[in-house]
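Visitor: I am new to this structure. Could you take me on a close look at the surroundings of the ligand?

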Amino acid sequence: MTSFVDLEAKIPNNVGLKDDPVIRRALETWQPAYLEWWRDMGPSDFKQDDIYLRTAVGVGRGGWANFGHVKMPDYRWGIFLADPETEGERKIKFGDAMGQPVWMQIPGEMRARARRLIVTQADTEPASVEQQRLLGHTAPSIYDMRNLFQVNVEEGRHLWAMVYLLHKYFGSEGRDEAEELLRRRSGDPDNPRVLQAFNKPIRDWMAFFCFTTFTDRDGKYQLAALAESGFDPLARTTQFMLTEEAHHLQVGENGIARIIERTAQLMKEGVDPRKVGAMPLDLIQRYINEWSSASYDLFGGEDSSNAAEAFATSLKGRYREGDGLYKDPLALNQNYETEIFENGVEKKVQIPLRRAMNALLLEAYHADATRIVARWNRVLEQYQLSERVYLPTLRFNRQIGLYGGLWFNPQGEQISKEAFERKRTEWLPVDADYQYVKNCMIKVWDRGKFANWIAPPPVGINNQPVDFEYVKFH
Ligand code: BYC
Ligand code: FE
Ligand code: FE
């Protein structure tokens, strides 16, 4: 079944806004507030410049990847839901409602929980744009600048995707939440964003690439879990968001790979990266440690009654639940085994499986991130260097969950607070690191030119050459 895509509307959409005047008017009222937020909190400057962006104009093959030069404030943020996979009724694939047809409206008893999940998801999108708003000024190339802005406009679209759900299915409470989403600010002590990692500063491009690798990857896993939802509009919205998310993850993975490549070239030539404004591996490692561990916390507690409820009510599934990966779609009468630490002694515990849904999702995430780090190490291998980067274990530097507030080394061995503090400057970035990286962030905006700390990409965007004019300055 293919939906009709209305591109002429004030708000491009494939959800039939034309025939839904109440919701259309509500969203058209929210639109100026959104644009005002974008002007104030979106990328600072560059508003008059033409950026080579892709814009979603449909959800079918290729439809979401239309490229052209656009001024960011003119970007066509639209509302797109993936088309239903099959004709007829989709059935719920997990939880207590398993086997029932998916819901086209949100059942009353699930309203509060669903709204909370949607607001939490929604809140991360504008937060990341706020966190990244100054990076354009120090872009290492116009190719990278374009990628930053592409990520930013799509996070803006993700906010639209969630705000549509709030307006359409959650009445006046949903409208209030949509307004609040434009009022909270990343890092504002009085009115912060909901989740911790979205209040951390993204100070520089190293942090940006780590964020898109590790924090956007939380997005991939959370969206995948929501894409299984019994609440059909949520499932189809998040399915479409995932197609955009893949690009954000590529930007991160390739960004760090290119930094490592530049560093490897210099090491091979016997040049100390620090002497020429490139990124030494130990510094890259500290950034990896910082952003991976901050992202682990985004999964919530390993043992969580919230997670159990979200699964039981068929609102949030496991990763690829619908692909039949799991023997028991009800997740009953099973335990998840993990280790806890009591008075410094490691001991095994059993968590009822439904309560361990956050832990399961986090494990899938960690396996994925492990593969990414292995690919980065292949770059070092290619340069015949013996040094490697690593991904810290799930226990390292946690604030939330079973290991929150305890002290572990990156390999996961429990250590004293004092031992951690002695090693802190080895494991996590300190002010001197931030200062060094800041000094390296010199803008390079000539076509086809790249800052000295990052290798050029092997190919350009959408079959364009690497030295294409990805940003036209005015
Ligand atoms: N920071 O039961 P618990 C993305 C709270 S990223 C602050 O253990 P639960 C993107 C929690 O709210 C994807 N608070 O965990 C990436 C709860 O509070 P209450 C975002 C936290 O609730 C890059 C209490 O602690 N999407 O898209 O099962 C760029 C106990 O929590 C944190 C989603 O997160 C934290 N890290 O899990 C742009 C999906 N962790 O109820 C975009 C929707 C926990 O006691 N959200 N708390 O007041 C969820 O599924 C869940 O809310 C969470 C938390 C997985 C986040
Ligand atoms: Fe997003
Ligand atoms: Fe993203």
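Guide: Happy to, starting with the whole chain. A compact globule of 474 residues would have a radius of gyration near 23 Å, and the protein chain agrees because its own value is 23 Å (taken over C-alpha atoms; the globule rule is 2.2 Å times the number of residues to the power 0.38). This is a predicted model, where local features need pLDDT of at least 70, side-chain atom pairs count only at pLDDT 80 or more, and totals for chains, interfaces and linings use all residues. Residues are numbered from 1 along each chain as its sequence is written, while chains are lettered from A and ligands numbered from 1 in the order in which they are written.

Now to the ligand. Around ligand 1 there are 24 residues, the closest being G219, G300, G301, S304 and N306 (near means a C-beta atom, placed from the backbone, within 6 Å). Two or more residues of this shell come from each of α2 (111–131), α5 (205–226) and α8 (305–312) (helices are DSSP runs of H or I, at least four residues, numbered from the N terminus). The largest share, 6 residues, is given by α2.

Let us stay with that helix. From first C-alpha to last, the 21 residues of α2 reach 30 Å, close to the 30 Å expected (1.5 Å times one less than the number of residues). In α2, 15 of the 21 residues are buried, so the helix is largely enclosed by the rest of the structure (buried means 20 or more other C-beta atoms, placed from the backbone, within 10 Å of the residue's own).

Conventions: A residue is buried if 20 or more other C-beta atoms lie within 10 Å of its own, exposed if 12 or fewer, and partly exposed in between; C-beta atoms are placed from the backbone.
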